[in-house]
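Please examine the sequence and the structure shown here.

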Amino acid sequence: MRILMVGLDNSGKTTIVLKINGEDASVISPTLGFNIKTITYQKYTLNIWDVGGQRTIRSYWRNYFEQTDGLVWVVDSSDLRRLDDCKMELDNLLKEERLSGASLLILANKQDIKGALTQAEIVKVRLLVDN
């Protein structure tokens, strides 16, 4: 399966992938392109494409849409000032025809940070629902 992991920069995508794979996540630098990690569990193989989320490279996300089975949208729950940007980018992704058959997981990351929004609060600010 091909999993595309995207979200705004600094949402924690690379940390999540490294931790899932049992790798050291103590020193991470921004992803300026993409990382691919292959994870095998029982008889399943997942290829996770971790794509950088800086504003200047978001237009290149569409280069990774082909043959995507699952989309993981990572939200930095503590980044209150960019929730509107986060919603706009997710809305744009959901309009992409090449992602129409992919499953979607929205991961509210950084819940452990003081002041982070809960899942219910994120829904309330309409990140997960249409206006």
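## Basis of the model

This is a predicted model, in which local features need pLDDT of at least 70 and side-chain atom pairs count only at pLDDT 80 or more, while totals for chains, interfaces and linings use all residues. Residues are numbered from 1 along each chain as its sequence is written, and side-chain values use heavy atoms, with hydrogens and water left out.

## Strand pairing

Helices (H or I, at least four residues) and strands (E, at least two) are DSSP runs, numbered from the N terminus; two strands pair if DSSP finds at least two bridges between them. S1 pairs with S3 in the parallel sense over four bridges, and Ile3 stands opposite Ile48 in S3.

Strand S2 (residues 34–41) runs antiparallel to S3, joined by eight bridges. Phe34 stands opposite Val51 in S3. S2 and S3 form a hairpin with two residues between them, and Gln42 in the turn has a positive phi of about 55°.

## Nonpolar cores

A nonpolar core is a set of buried Ala, Val, Leu, Ile, Met, Phe, Trp, Tyr and Cys residues joined through side-chain atoms within 4.5 Å; buried means under 20% relative accessible area, exposed over 50%, partly exposed in between (1.4 Å probe, protein chains only). The largest core has 18 residues, and Leu4, Val6, Trp61, Trp73 and Leu93 have the most contacts inside it. Strands S1 (2–7), S3 (44–51) and S4 (70–76) and helix H2 (83–94) each supply at least two of its residues. H2 gives the largest share, four residues.

## Asn109

Asn109 is found in strand S5 (residues 103–109) and is buried, with a relative accessible area of 17%. Residues up to four places away in sequence aside, Asn109 is in contact (heavy atoms within 4.5 Å) with Ser11, Gly12, Ile16, Val74, Val75, Asp76 and Ser77.
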